[in-house]
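Q: Could we go through this structure together, feature by feature, with the general idea given before the particular case?

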Amino acid sequence: MRVVIAEDAALFRAGLARLIEDHGHQVCAAVGDGDMLLAAVTEHQPDVVVADIRMPPTHTDEGLRAALEIRRRYPRTGVLVLSQYIETRYTARLLEGNAAGVGYLLKERVADVAEFADALQRVATGGTALDPEVVGQLLSVNRRADGVAALTPRERRVLTLMAEGRSNAGVADALVVSGGTVEKHVASIFDKLGLPQDEADNRRVLAVLRYLSP
């Protein structure tokens, strides 16, 4: 994969680059602010961007705004944002309309190299990677009265794991059940959320959006 990194802390930026390259990927550019990030993406057309939400000059939402602009200009480029803290309003803006190719992780997750590498791969290939703590915060404030209310506790758990970006096999491992059991739960979730089979839509992404939307 071709990767562009945006992180203003030089040591953390260098560590990210080393980690990504150690997994066989190419770091096309590693920059320190949102403007340089947009320029680097325009120049290199990477498969995925890894960006801190807070960068110079104001250290508020420069990285987020750059990420949103990248998704607008280059919808095929995955965007994995990192944050020191859980900021659900930023997650909602990233997920708005389409969660495909989007990730939001707390920076502490980078310490789990395998988890970070897996999240990066999923986002680059059009999947979703949301930090479990972020998902938990979203679910604590976003409760819809429509099809979500009809889900059983186990189906909610399955959908929460899907929101984190886990495959059916990953859900099965987490719940210690068979793949067939997970498939039945997923099919039931799609049915209750009114998501008929359609090759033009990614029903997993649509289900996650329905679950996390206010």
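Q: In what order do the 6 strands form the open sheet, and is the pairing parallel or antiparallel?
A: Strands of a sheet pair through backbone hydrogen bonds, in either a parallel or an antiparallel manner. Before the case itself, note that this is a predicted model, in which local features need pLDDT of at least 70 and side-chain atom pairs count only at pLDDT 80 or more, while totals for chains, interfaces and linings use all residues. Residues are numbered from 1 along each chain as its sequence is written, and side-chain values use heavy atoms, with hydrogens and water left out. Here the order is S2-S1-S3-S4-S5-S6 and the pairing is parallel, where strands (E, at least two residues) and helices (H or I, at least four) are DSSP runs numbered from the N terminus, and two strands pair if DSSP finds at least two bridges between them.

Q: Which are the edge strands?
A: They are S2 (26-31) and S6 (128-130), each of which pairs on one side only. S2 is joined to S1 (residues 2-6) by 5 bridges, and alanine 6 has valine 31 in S2 as its bridge partner.

Q: Which strands does helix H5 touch?
A: Contact means heavy atoms within 4.5 Å. Helix H5 (residues 113-124) packs on the sheet and touches S3 (48-52), S4 (78-83), S5 (102-106) and S6, its direction making about 145 degrees with that of S4; axes are lines fitted to C-alpha atoms, for helices over the stretch in contact, and angles run from 0 to 180 degrees between N-to-C directions.

Q: At what angle do the axes of H7 and H10 cross?
A: Angles of 65 to 115 degrees count as roughly perpendicular, under 35 as roughly parallel, over 145 as roughly antiparallel and the rest as oblique. The axes of H7 (residues 153-163) and H10 (residues 203-212) come within 9 Å and cross at roughly 110 degrees, and the two helices are therefore roughly perpendicular to each other. Residues that meet there include Leu159 and Met162 in H7, and Val208 and Leu212 in H10.

Q: Which residues of helix H8 are buried?
A: Buried means under 20% relative accessible area, exposed over 50% and partly exposed in between, with a 1.4 Å probe and protein chains only. In H8 (residues 168-175), Gly170, Val171, Ala172 and Leu175 are buried, and their cover includes H7 and H9 (179-192). Valine 176, which follows H8, has a positive phi, near 55 degrees. For the protein chain of 214 residues, 50% count as buried.
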